[in-house]
Amino acid sequence: MQPQRDGDGVEVSPRAAMLIAGLFEQATGQTLSQDRFWRIGTTLTPFCKARGIDSIEQLAMRLGQGSNPELSLDTIDALLNNETSFFRDPGVFSLIGDELLPRIAARRQREKRVRIWSAACSTGQEVYSLSMMFAEQAERWAGWRIEILGSDISRSAVAQARSGLYSQFEVQRGLPIRQLLAWFDHVLDNGWRAKPQITSMVGFARHNLLGPPPGGGRFDMILCRNALLYFNPERRHQMLEGLALAIAPDGALLLGAGETARGASSRFVNDADMPMVYRPAAYGSLPHAA
């Protein structure tokens, strides 16, 4: 194996790249294949400089010693892809608002409780986007208990999501000015912080998708978009098995546009009416709203 170079020409030895990739896979279950080893140089070179570590080889040596768990967690955090934005893929949110939520509401009239899980939520923009949808229909959901859980394996991403604090750059990505002013307060020199009206219905937790699902009951809707892409077939199956345990029998699972549950798990099938939606195989099509 030849030494890996990132786009800036930073060279990473095969031994260091393999060790770091192995640590990353052991901690997250995500496969960092050789054709993606360039990310190690691109991401960890500034990471090392910020911590006074001379080289990625020295970082790999320290990680191999296993004597600094915090350094290991920080390295894993740095390698995770936390790309997200508010209302990412508008068509998905139109589907949720126009189709999924009315159908779920029709089935939950007695309980008046909706539980949603945004898995692999990164820094929380998807969670707050969902929360804004409910807040903008306050009369329709008056008297309902709305619970939206966001989870991610990244400690830093979950910490930011909990803070509800976003930079000017982050709020400009997908968040119209009307919603920004309605649901966020400007914080001097720090950006924008989510208002209590939308933070009151959300919660965040650090969670590994290969582990047991979160507690608190089953979820009426699970969004797990663009996470399957980072797992090998065996772990995709494991992840979908966990999601099957977490979803309500008449619930809805949304995956990313380039993802499918077909061939990875027998627990989910495509919904007949909504190609982007998967449902538990043991249940029929999601009921239409009354």
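This is a predicted model: local features need pLDDT of at least 70, side-chain atom pairs count only at pLDDT 80 or more; totals for chains, interfaces and linings use all residues.
Visitor: In what order do the three strands of the open sheet stand?

Guide: Helices (H or I, at least four residues) and strands (E, at least two) are DSSP runs, numbered from the N terminus; two strands pair if DSSP finds at least two bridges between them. The pairing is antiparallel, and the order is β5-β7-β6.

Visitor: Over how many bridges do β6 and β7 pair?

Guide: Strand β7 covers residues 191-194 and runs in the antiparallel sense to β6. V187 stands opposite G191 in β7. The number of bridges between β6 and β7 is four.

Visitor: Which residue does the side chain of D185 meet in a salt bridge?

Guide: A salt bridge requires a side-chain nitrogen of Lys or Arg within 4 Å of a carboxyl oxygen of Asp or Glu. For D185, the N to O distance in the pair is 3.9 Å. The pair links distant parts of the chain, 10 residues apart, with D185 in strand β6 and its partner in the loop between β7 and α10 (196-199). The partner of D185 is K195.

Visitor: Is K195 buried or exposed?

Guide: Buried means under 20% relative accessible area, exposed over 50%, and partly exposed in between (1.4 Å probe, protein chains only). D185 has 38% relative accessibility and therefore counts as partly exposed. K195 has 16% relative accessibility, so K195 counts as buried.

Visitor: Which residues are in contact with L180, leaving aside its neighbours within four places in sequence?

Guide: L180 lies in helix α9 (residues 177-183) and is buried, with a relative accessible area of 4%. Contact means heavy atoms within 4.5 Å. By this rule, the residues in contact with L180 are V171, L175 and W192.

Visitor: How many residues apart are R235 and E25, which meet in a salt bridge?

Guide: The side chains of R235 and E25 meet at 2.7 Å, N to O. R235 belongs to helix α11 (residues 233-246) and E25 to helix α1 (residues 14-28), so the pair links distant parts of the chain. R235 is partly exposed at 23%, and E25 is partly exposed at 25%.

Visitor: About how many helical turns separate E99 and R103?

Guide: The side chains of E99 and R103 meet in a salt bridge at 3.4 Å, N to O. E99 is partly exposed at 33% relative accessibility, while R103 is buried at 4%. Because they are four residues apart in helix α5 (residues 90-107), the separation is about one helical turn.

Visitor: How far apart are the end C-alpha atoms of α5?

Guide: The expected span of a helix is 1.5 Å times one less than its number of residues. The 18 residues of α5 should therefore span 26 Å, which agrees with the distance between its end C-alpha atoms, 25 Å.

Visitor: Where does α5 bend?

Guide: The bend at a residue is the angle between axes fitted to the seven residues ending there and the seven starting there. In α5, the buried residues include V92, F93, L95 and I96. What covers the buried residues of α5 includes β3 (113-119) and α6 (125-135). The bend is about 40°, and its place is I96.

Visitor: What is the phi of S122?

Guide: Most residues other than glycine have a negative phi. S122 lies in the loop between β3 and α6 and is buried, with a relative accessible area of 4%. Its phi is a positive value in a residue other than glycine, near 60°.

Visitor: In which loop does F87 lie?

Guide: F87 is a residue other than glycine with a positive phi, near 50°. At 15% relative accessibility, F87 counts as buried. F87 lies in the loop between α4 (69-79) and α5.

Technical notes. Residues are numbered from 1 along each chain as its sequence is written. Side-chain values use heavy atoms; hydrogens and water are left out.
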